[in-house]
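Hello,

The sequence and the structure are below. My notes on the salt bridges and the elements around them follow.

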Amino acid sequence: MSLHNDILAYEPFNEQEARDKSLILDFLEKNEDAFLRTNRVAHMTASAWVVNPKRDRVLMVYHKIYDSWSWTGGHADGEEDLLAVALREVREETGVRHVCAVSPDIFSLEVLTVDGHEKHGEYVSSHLHLNVTYLLEADDSDELHIAEEENTGVRWFTLDGALKASSEPWFIKRIYGKLNEKLSLAP
């Protein structure tokens, strides 16, 4: 099944996901370069809500650009297998080696705004990330490593602690809180 079909089949959890699903599908249908950063208006990204086997802790990174504790994730950069992107980003950003998908199914959809910022000495204009989130499980005894180019911290938080650690109010309310709520429905 293609990512487009996976998104089409995805059952939104709430109004935010329903509206964002529609926007993502529309963008994919109209933009051949939706998986590339060369599309400076919007492009596909993948994120991971990484929980431990007991599902009482979540793995977060202290993101340099957002100056906040946040989930892991990254750009598709031409890759249409966004689950593979999410898994790769978790390994790269945290050092965790024992990580797997709870399910290959999409866990969440969201359209994320990215404010203009500096990256590699160049200005990147404000744009949208059309994001697919996967629920991943990792061994919380794995050694953690900082990815110095992207983050300054990596650590496990309780589910509530992750919300308190983030300094991004919209993410706390619309994304991280929703992801924690959806954990009770996950396989």
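A network of salt bridges links E17, E110, K178 and K182. A salt bridge here is a side-chain nitrogen of Lys or Arg within 4 Å of a carboxyl oxygen of Asp or Glu. By this rule the count comes to nine salt bridges.

Before the rest, some notes on the source. This is a predicted model, in which local features need pLDDT of at least 70 and side-chain atom pairs count only at pLDDT 80 or more, while totals for chains, interfaces and linings use all residues. Residues are numbered from 1 along each chain as its sequence is written, and side-chain values use heavy atoms, with hydrogens and water left out.

Helix α5 covers residues 169-183. Helices (H or I, at least four residues) and strands (E, at least two) are DSSP runs, numbered from the N terminus. The 15 residues of α5 should span 21 Å at 1.5 Å a residue, and its end C-alpha atoms are 20 Å apart, which agrees; the expected span is 1.5 Å times one less than the number of residues. At Y176, α5 bends by about 30°, the bend being the angle between axes fitted to the seven residues ending there and the seven starting there. The buried residues of α5 include Y176, K178 and K182. Buried means under 20% relative accessible area, exposed over 50%, and partly exposed in between (1.4 Å probe, protein chains only).

Strand β6 spans residues 108-114. Six of its seven residues are buried, so β6 is largely enclosed by the rest of the structure. Strand β9 (residues 127-138) runs antiparallel to β6, and seven bridges join the two; strands pair if DSSP finds at least two bridges between them. In this pairing, S108 stands opposite T133 of β9.

R88 meets two glutamates: E89 at 3.7 Å, N to O, and E92 at 3.8 Å, N to O. R88 is partly exposed, with a relative accessible area of 32%, and E92 is partly exposed at 45%. E89, by contrast, is buried at 7%.

Regards
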